[in-house]
Amino acid sequence: MSYNLLKGKKGIIFGALDPNSIAWKTAERVHEEGGEFVLTNAPIAMRMGQINKLAEQTGAKVIPADATSEEDLKNLVEQSMEILGGKIDFVLHSIGMSVNVRKGRPYTDQKYDWTQKGTDVSAMSFHKVMQTLFKADAMNEWGSIVALTYMAAQRVFPDYNDMADNKAYLESIARSFGYFFGRDKKVRVNTISQSPTPTTAGQGVKGFDGFISYAEKMSPLGNATALDCANYTVTLFSDLTKRVTLQNLYNDGGFSNVGVSDAVMEAFITSQEAEIAK
Ligand SMILES: NC(=O)c1ccc[n+]([C@@H]2O[C@H](COP(=O)([O-])OP(=O)(O)OC[C@H]3O[C@@H](n4cnc5c(N)ncnc54)[C@H](O)[C@@H]3O)[C@@H](O)[C@H]2O)c1
């Protein structure tokens, strides 16, 4: 259902790779709500991905940009303002990648070149995106910037590896830059901490299937889907959340505040009983 929440608003959406991507679902929902946007992704992802299909579907232009390159980001922001005919109201940073995770390197045996690359892509890119927007004075007053994160920034999830540190850094950047963006430009900056979601990035995490079903059993409302995340993001881009800023907002069916659930306890006791009966 559409509520026209984003009518007249213009933005940039990073990170739509395929129809499972959270950014893909967000682009579809933003389009339904009347928002106009430019889609962007790393040049290499564009060759592999299906972004042109999404662009056709939503009437968006696509501008390649490696989010670690200041030059690419400057060009992206300039071109976006030209295409959209003025300043920007919303930005979604939906980018994450760890080389250590991809190559199966455990947290206790990092290859630091890879760690640095992951930090640059997953966290520092958010600073670079915001600094580029800030310096170009590219955001309209009461605009909204959102990045996606995961609760491993607060609690230990051993297989989340160095992405946990990247997410902690990302969330801190949201607060620190959000202060200046709020004070000087009246722009809000938040992160959404999303449930495990079956996407390309999500499924790269070792033991993801166990991860997702554990979270499902722990959460009173079940895991938030990519569409749930898209809907939440739409509210944060809308004028209904004008003074929500510097926040890390959980979209996780309640997972983050549950110690243990009946369903998880039941599964644990059943497996313990089976162990004893052996
Ligand atoms: N899937 C989950 O379980 C989950 C849970 C919480 C948070 N998140 C976060 O959601 C965000 C989106 O991930 P997703 O799950 O939709 O997976 P995804 O794989 O569909 O999206 C990740 C995107 O990052 C892009 N990217 C990688 N390197 C880049 C670069 N140098 N420049 C520009 N873009 C680059 C990829 O091309 C891809 O489009 C990420 O920040 C991820 O950490 C995901």
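Reader: First, the terms: what makes a residue buried, exposed or partly exposed here?
Author: A residue is buried if 20 or more other C-beta atoms lie within 10 Å of its own, exposed if 12 or fewer, and partly exposed in between, with C-beta atoms placed from the backbone.

Reader: And what kind of model is this?
Author: This is a predicted model, in which local features need pLDDT of at least 70 and side-chain atom pairs count only at pLDDT 80 or more, while totals for chains, interfaces and linings use all residues. Numbering runs from 1 along each chain as its sequence is written.

Reader: OK, backbone. What is the phi of Trp142?
Author: Trp142 has a positive phi of about 65 degrees, although it is not a glycine. Trp142 sits in strand β5; helices (H or I, at least four residues) and strands (E, at least two) are DSSP runs, numbered from the N terminus.

Reader: Is Trp142 buried, exposed or partly exposed?
Author: Trp142 counts as partly exposed, because it has 13 C-beta neighbours inside 10 Å.

Reader: What about Lys186, what phi does that have?
Author: Lys186 is not a glycine either, and its phi is positive, about 55 degrees. Lys186 belongs to the loop between α7 and β6 (188–194). Lys186 has 15 other C-beta atoms within 10 Å, so it is partly exposed.

Reader: Which α4 residues are buried?
Author: Leu73, Leu76, Val77 and Ser80. These four cover an arc of only 95 degrees around the axis, which puts them on the same side of α4. The arc is that of the directions from the helix axis to the C-beta atoms.

Reader: Why would residues a few places apart point the same way?
Author: An α-helix has 3.6 residues a turn, so residues three or four places apart point the same way.

Reader: What is on the other side of α4, and what covers the buried residues?
Author: Glu71 and Glu82 are exposed on the other side. The cover over the buried residues includes β1 (10–14), β2 (36–40), β4 (88–93) and α6 (112–135); contact here means C-beta atoms, placed from the backbone, within 7 Å. Just after α4, Gly85 has a positive phi of about 75 degrees.

Reader: How many residues of α10 are buried?
Author: Nine of its twelve residues are buried, so α10 is largely enclosed by the rest of the structure. Among them are Asp228, Tyr232, Thr233 and Phe237. The elements covering the buried residues of α10 include β1, α1, β4, β5, β6 and β7 (248–251).

Reader: And α11, what is the buried count there?
Author: Zero among its 16 residues, so to speak hardly covered.

Reader: What does the largest nonpolar core look like?
Author: The largest core has 56 residues, and those with the most contacts inside it are Ile13, Ala16, Ala23, Ala27, Phe37, Leu39 and Val91. The largest share of this core comes from α10, with seven residues. A second, separate core of eight residues includes Tyr150, Met151, Met163 and Ala164. A nonpolar core is a set of buried Ala, Val, Leu, Ile, Met, Phe, Trp, Tyr and Cys residues joined through C-beta atoms within 7 Å.

Reader: Last topic, the ligand. Which residues come nearest?
Author: Of the 27 residues around the ligand, Ser21, Ala45, Gly96, Ala201 and Gly202 come nearest; a residue is near a molecule if its C-beta atom, placed from the backbone, lies within 6 Å of it.

Definitions and conventions. Two residues are in contact if their C-beta atoms, placed from the backbone, lie within 7 Å.
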